[in-house]
Amino acid sequence: MKHIAVLNGDGIGPEIVAQAVKVLDKLIEQGLQVSYEYAKLGGEAYDAYGSPYPNETQEIVRKADAVLLGAVGSPQYDNLDRPLRPERGLLAIRKDLNLFANLRPAILYKELANASTLKPEVVAGLDILIVRELTGDIYFGEPRGIITNDKGEREGFNTMRYSESEIRRIAKVSFESAQKRNKKLCSVDKANVLETTELWRQIFNEVAKDYPDVELSHMYVDNCAMQLVKNPKQFDVVATGNIFGDILSDQASMLTGSIGMLPSASLDENGKGLYEPSHGSAPDIAGQNKANPLATILSLAMMLRYSLNDEVRAKQVEQAVQKVLEQGYRTADIYEDGTTLVGCADMGDKVVQAL
Ligand code: NAI
Ligand code: MG
């Protein structure tokens, strides 16, 4: 039996996670073989244990097969020393679990096409997946620093580095993700200028031989930025390194305009993963039953797909969300005239009913 760790976190975290847990309970009632237990991360962990990622939590998440998280962070912790701040808990758990593959879908349900700042015909029905490498690249490469150079002026430098094994493992996750979707993978690099990404391209071409059913293409990052805005539906899975992926995944998520709808997954080498909405803890609406829980519920669907190997139930949850939108239910962040405004808890109930 698979085991899940559930982390509420701060702000709207407890409210949105409670809705995903309702869905999880329903799936268990329908025969899903999993157990789960709660642990604390971020501000709630600091309050209970004096650390944003305490040993008590570490023990639980290390032995779990997957982790579901709301979000961390709240202004009440702004005066703490940096190592004690809630956001440090998030960095710590990602590092501790070696979560090198960040999967961020950008999905725009047809019913929400007006939420985007782009023309509906460009984005309605958009469904793409950005795979971003999360533990390497120029963000972590050595050497780095600010020095005084030979001319006596200050000089800053960082180093873009990727080893073959680091590229190979993110390539595999990218190809496997494409296999689970529409079998098109676009690898994004700057191979015309940067040797690191020339190696990236070579290795993606090598790994492609193991996935003959996936169609691999390559694109320079600057062109990808343009194509994402011009014709985003041309993509299925987009794979990139850490720095390009940081920018492109944020860009892709804003094509949809609805932050309350976007899930994410961060995976290790064995399929263990941390699943959380792409948004933060929204302290401005915390405790008001206003938050949109769908990003968290869709993160649970990703957990079913990537860590629990249950594609059938993953699709069922996604279709339940789709159905609730078709029925016209909307939380405040996605509300339009002619639809029915519901609170966070009601939205969770509607998804459970649709299941
Ligand atoms: P945010 O994503 O929490 O909020 C931005 C805006 O979107 C706010 O107006 C908020 O009300 C709204 N919003 C976010 N999620 C929503 C939802 N599910 N339903 C309806 N509206 C929603 O980003 P912000 O304000 O920059 O950060 C707030 C806190 O969250 C900070 O402490 C920040 O460090 C933390 N944070 C945590 C993340 C995580 O746990 N992964 C990621 C990003 C921020
Ligand atoms: Mg970013």
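The model is predicted, so local features need pLDDT of at least 70 and side-chain atom pairs count only at pLDDT 80 or more, while totals for chains, interfaces and linings use all residues. Residues are numbered from 1 along each chain as its sequence is written, and chains are lettered from A and ligands numbered from 1 in the order in which they are written.

Ligand 1 is surrounded by 22 residues (each with its C-beta atom, placed from the backbone, within 6 Å of the ligand). The closest are Gly 73, Gly 260, His 279, Gly 280 and Asn 292. This shell holds 11 nonpolar, seven polar and four charged residues, where Ala, Val, Leu, Ile, Met, Phe, Trp, Tyr, Cys and Pro count as nonpolar, Asp, Glu, Lys and Arg as charged, and the others, Gly among them, as polar.

The largest nonpolar core has 102 residues; such a core is a set of buried Ala, Val, Leu, Ile, Met, Phe, Trp, Tyr and Cys residues joined through C-beta atoms within 7 Å. Buried means 20 or more other C-beta atoms within 10 Å, exposed 12 or fewer, and partly exposed in between. Helix H10 (residues 294-306) gives the most to this core, 10 residues, with helices being DSSP runs of H or I, at least four residues, numbered from the N terminus.

The UniProt annotation "binding site", from an unreviewed entry, covers Asp 222, Asp 246 and Asp 250; such annotations may be inferred rather than shown by experiment. Helix H9 (residues 242-256) contains Asp 246, and Asp 250 also lies in helix H9. Asp 246 counts as partly exposed because it has 16 C-beta neighbours inside 10 Å.

Technical notes:
Helices (H or I, at least four residues) and strands (E, at least two) are DSSP runs, numbered from the N terminus.
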